[in-house]
Amino acid sequence: MRLLSSGELAKELGISRRSISRYADAGLITIALVTPGGKYRFELETVRQELRELARQHRKDIP
């Protein structure tokens, strides 16, 4: 399992690094590791699954 920085994850997902940080801070995506310097690391497939589920829930909530 390769852990990605927020910038690498953002590039893989096609969204901004700031969005990744906001989602992580809000607890919407799982932070796999916090480095000693306080940087987040993520597992790509875990985050993809979490974002899919969030999108699915969002679509259900729209009238």
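Let me begin with what a patch is here: patches are made of residues with over 30% relative accessible area and no salt bridge, where like charges are joined within 9 Å. A salt bridge, in turn, is a side-chain nitrogen of Lys or Arg within 4 Å of a carboxyl oxygen of Asp or Glu, and Lys and Arg count as positive. The structure above is a predicted model, in which local features need pLDDT of at least 70 and side-chain atom pairs count only at pLDDT 80 or more, while totals for chains, interfaces and linings use all residues. Residues are numbered from 1 along each chain as its sequence is written, and side-chain values use heavy atoms, with hydrogens and water left out.

With that in place, Arg17, Arg18, Arg22 and Lys39 form a positive surface patch. Of these, let me take Arg18, which sits in helix H2, residues 17-25, a helix being a DSSP run (H or I) of at least four residues. Arg18 has a relative accessibility of 48% and so counts as partly exposed, that is, between buried at under 20% and exposed at over 50%, with a 1.4 Å probe and protein chains only. From Arg18 to Leu51 there are 33 residues in sequence, and the C-alpha to C-alpha separation is 15 Å.

Now to the rings, which pair if their centres lie within 6.5 Å, with planes under 30 degrees apart counted as stacked, over 60 as edge-to-face and the rest as tilted. By that rule there is one aromatic pair: Tyr40 and Phe42, edge-to-face, at 6.1 Å centre to centre and 90° between the planes. Tyr40 is partly exposed at 26% relative accessible area, whereas Phe42, at 0%, is buried.

Notes. Rings of Phe, Tyr and Trp (its six-membered ring) pair if their centres lie within 6.5 Å; planes under 30 degrees apart count as stacked, over 60 as edge-to-face and the rest as tilted. Patches are made of residues with over 30% relative accessible area and no salt bridge: like charges are joined within 9 Å, nonpolar side chains (Val, Leu, Ile, Met, Phe, Trp, Tyr) within 5 Å. Accessible areas come from the Shrake-Rupley method with a 1.4 Å probe; for residues, only the protein chains shown count as cover. The place of a charge is taken as NZ of Lys, CZ of Arg, CG of Asp or CD of Glu. Helices (H or I, at least four residues) and strands (E, at least two) are DSSP runs, numbered from the N terminus.
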